[in-house]
Amino acid sequence: PLPLPPAAGSPSLPSLPLASSLVSRPLVYPTPLLAYSSHPRLILMLPVFYFPPTPSSLEWMMHLLLDVVRDNRSPSPLVHLAFKFLYIITKVRGYKIFLRLFPHEVADLQPVLDMFADQNPKDYETWETRYMLLLWLSMTCLIPFDLARLDGNILSEEGRTRMPIMDRILKVAKSYLVVSDKSRDAAAVLVSRFITRPDVKQKRMADFLDWALSTLSKSSFQTMEGTIVMDGMLQALVNTVDTIKDNPWKLMPSTVLECLDNCKLSESNQTLLRKLGVKLVQRLGLTFLKPKVAKWRYQRGCRSLAANLQFSAQVPVAQNLVAAAVTAAADEEEYDIPGEVENVIEQLLIGLKDKDTIVRWSAAKGIGRITGRLPKELADDVVGSLLDCFSFQETDNSWHGGCLALAELGRRGLLLPSRIADVVPVILKALTYDEKRGACSVGSNVRDAACYVCWAFARAYDPLELKPFVNQISSALVIAAVFDRDINCRRAASAAFQENVGRQGTFPHGIDILTASDYFAVGNRVNCFLNISVYIASFPEYTQSMIDHLVNMKINHWDGVIRELSTKALHNLTPQVPEYMTNVVLPRLLPLSVGTDLHTRHGAILACAEITHALYKLAAENNRCQYTQDYVTKIILNIFSTIPDGWQWLINDSLRSLPLVSSTARQQIKEAAVSALAALCNEYYINEQREANPVLQGELLQQYISELQNTEEMIRCGFSLALGALPRFLLKGKLQQVLEGLKKVICISHKDVSFAESRRDGLKATAKVCQTVGVKRDGPQDEFVCKDNVIQIYMMLLNGMSDYTTDSRGDVGAWVREAAMTSLMEVTLLLVQNEPELLDANICKQIMCCVAQQSAEKIDRFRAHAGSVFLALLNFDNPPIPYIPHREELERIFPRSEAVTLNWNAPSQAFPRITQLLGLPTYQYYVLLGLTVSVGGLTETTVRYSAQSLFDYMKKIQNNLDAMNNFCETLLRVFEDNLLNDRVSVPLLKMLDQMLANGCFDIFTTEENHPFSLKLLTLCKEEIKKSKDIQKLRSSIAVFCGMIQFQGDMREKVLFQLLLLLCHPFPVIRKTTASQVYEMLITYSDIVDPDILDVVMTVLSDTNWKSGKGTVNDVISVPRSTYRFIQVF
């Protein structure tokens, strides 16, 4: 195999395999080069490995490959491959850099032309060859001799006239200008270089231009062929106009311009055609104007950074520069401007509004170039036309193109200081341009281009010119750098601010702000809104403008995240100017909080809340709580007629409307409503005696408890959590009523079996209620968790541990089990810290066993949660939880030092630990039940590690008869308790198959008719009785075949079951049974008499067990084969 090329920094490039093959064996075809052709990935990696930055290395590589091309003995595939490598080089380095390295002697012209005779323009696999040949020809055609001198005797040996070289080159160029591959681009380069030769220009230019314009006029961009042709013609014309230095064809620009107008390229859907059209128009426009630099343009006199920072000393210099510019403008030579220039500028202004950025950028550059050749008055008219692009009737494309053009004019000094006063307001609007379109908005490109304008102005103008606008520009750039939604706009604004600080030196606190809001700092949007904004607002020059921007532009933003961040930013900015927030901002927000626009109302309400909260904290610090009371009352009364009733209605309505809310926002609304309910109750529903109004308490609880039986699951969820959030004084005397209501939510009934989310939230609410009311051993059961209701509470929570509800979303019961584990832990810790006497040994045993079962199951996330709860209960020591079974053994299996590092999510770490609990009698049943669904599951890693851990445990007890008997009794009990429960029975059959195959029961195989095997067979028969579950039947077949290893009457009973399965109505079961029995007889050949073994194997292998859908003979062939099989036995 060919070795990979070395890295680009290799010290000895000529020693590469490719180079050594070509150099050391000049007479033999370089087979290593051909070997590379079979590795496309190596071709893609070639630029990385082979391209050092030095031009000498490029030249060496070019000559190396061209030697292969020039060798007449090189086969055609090798030549094409060499040109492919050359193309890769040009693609990486650019054809303009690489072009001048081509050999361009007179002797090279004829061979290159001759190579075109062997090329097929329709061969799309070798287009790189034609592309490179055209580039090579564009270099060789520049030889400084009249091409007619190379024709010699134009009569060939046969007496026919040969085509002159000039016509041959032109024919090649024309033919490749209309192809559909990249050779078209190279042909345009060839035309631009060839047609501008003095001899060709004189003889062939007019004819070529006529042909190009005629072809362009006849083509249409409505078809793909027409688009390709127009692209080739436009590229040729663009490159030709750019190459011509003088203008011998006086009337041609007008003709070309007229042709372009007739083509109506602006209506084309092809971006490239529109871009080429704009580029050609601007270059044609330059031919109408004298190639000179405008004397009236603005020139900044000093480029020194240190001098800019001391601009005050340069006032006389700046005044002299302005005076010099006025004098130069007065002496400027006047000349007539052709009427076509107006048409050119009009088309470029239209190009600024194009829908594609590359077209707008090309038009902006064209505006800058043409304006630089116009007189001062006409250039000012162009600026006026540009400012019309910033009307609010225009689209974002027009604003973006206008910004690019203004930046180009400013960069070239063509936007005079007298116009800055007109331009700056427009740019300030562009910095915050955000036009809503449907569910989103457009304008990020406009804001980015506006930042570019500010960057260009900083480099172009003297600080004195921009001094009147410093505060406006600096505030606008700071706002864009901190509060813009898009990261590229924030970074562009930061770069523009940095450029102004460095070039102008007049931005207030520029260095300090730059340090906090550099390129990397503004990359994090949350950091910008909540941290950087606070620091910048500490400078008074920026505070008010930042707050106004948030209130006017951001709290009504279409993106909810921006609205929330803006209100949080207002909260953080409030301490800077509390009076302004109180007297100006809040009065402005109050009408918006009841407006018709949803986004504005949402942002205004949030902003009122955040500002009020900030004012409250500020007043509390200064002991002036009355400071915000009036405004809080106004805010609430502005939205609701009465404070408590209005808020209570809002909370209740939000909870009842949860089914109508999207799933993404439902949880947030539920949590917000519940937290608001707690705050409302603590503030308004408690009297001076710290008690609740009995009437209000009864009405509220009755309303909430009745909603727990609502037919909508989400309403049950909301009101369950609402009950859990109620304060203690509202639950006093009503605890038993609340628990009974929650019990109905938690219990599974036939009509609400799928309401897993409501059961989850009911369990959470039960734990919260217990934590709220507290524990008192001998207290009344209507007020405390006490000895009379603690068992009831635990039974409610433990019932959630057996919820295995499934629906289209999967195991939704896992949500309930997770909530039950958390609630059990919270209630248990509450009891052990306050009244440990209430804990019962049986309750503690059930908790630990159920959690251990969950820690052995198959879902990683819930297994990890169960493991963390298990260790939290085991390791809690303030005080320790009593009655934990086998505490010492558990602490040895799970050392406290490894509690943090143990990753329960990883099956490779969890199952080796959890299977050790099989040796503890109390946990054995529950852990084995959990392991069953893991070992018989579907996830590869879970099955592998859980099965391996189980087998390791079985090997340890293999010689311990008592341990094996206990384990097998537990296994049979698990099977019997979950008979016909497919969630457990099917994985259990799979686990039994693996255990039988791994010899886990070898200790029982030597004893005939062992009770374990008989009981297991009975349970398997009962499990598959009348079953039509294919997966279950297949698993039972494997178990029956594995049980053949037991001695005694078991074998006959097992064989009988297998014979019944051979007659099963399902063809796939018959086929699976025959295949498994065949493999069983190979493994346990002693169960069949050797004299008939071959007959049995033949019957099993040759019978078509899947037949049964064809003729009558096919239907009865299976029973006959089975009967024959029985006869053999």
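The legends below describe one overall view and two close-up views of a predicted model.

**Figure 1. The whole chain.** The chain holds 57 helices and two strands; helices (H or I, at least four residues) and strands (E, at least two) are DSSP runs, numbered from the N terminus. Of its 1129 residues, 51% are buried, where buried means under 20% relative accessible area, exposed over 50%, and partly exposed in between (1.4 Å probe, protein chains only). Accessible areas come from the Shrake-Rupley method with a 1.4 Å probe, and for residues only the protein chains shown count as cover.

**Figure 2. A patch of negative charge on the surface.** The patch gathers Glu 258, Asp 261, Glu 342 and Glu 346. Helices α14 (252–263) and α18 (340–351) each give two or more residues to it. Patch residues have over 30% relative accessible area and no salt bridge, with like charges joined within 9 Å and nonpolar side chains (Val, Leu, Ile, Met, Phe, Trp, Tyr) within 5 Å. A salt bridge is a side-chain nitrogen of Lys or Arg within 4 Å of a carboxyl oxygen of Asp or Glu. Glu 346, in helix α18, is partly exposed because its relative accessible area is 47%.

**Figure 3. A nonpolar patch on the surface.** Val 106, Phe 145 and Leu 150 form this patch and together have about 210 Å² of accessible area. Val 106 belongs to helix α7 (residues 106–115) and is partly exposed, at a relative accessible area of 34%.

**Notes.** Residues are numbered from 1 along each chain as its sequence is written. Local features need pLDDT of at least 70, side-chain atom pairs count only at pLDDT 80 or more, totals for chains, interfaces and linings use all residues, and side-chain values use heavy atoms, leaving out hydrogens and water.

Methods. Lys, Arg positive; Asp, Glu negative; His and termini not counted. Charge placed at Lys NZ, Arg CZ, Asp CG, Glu CD.
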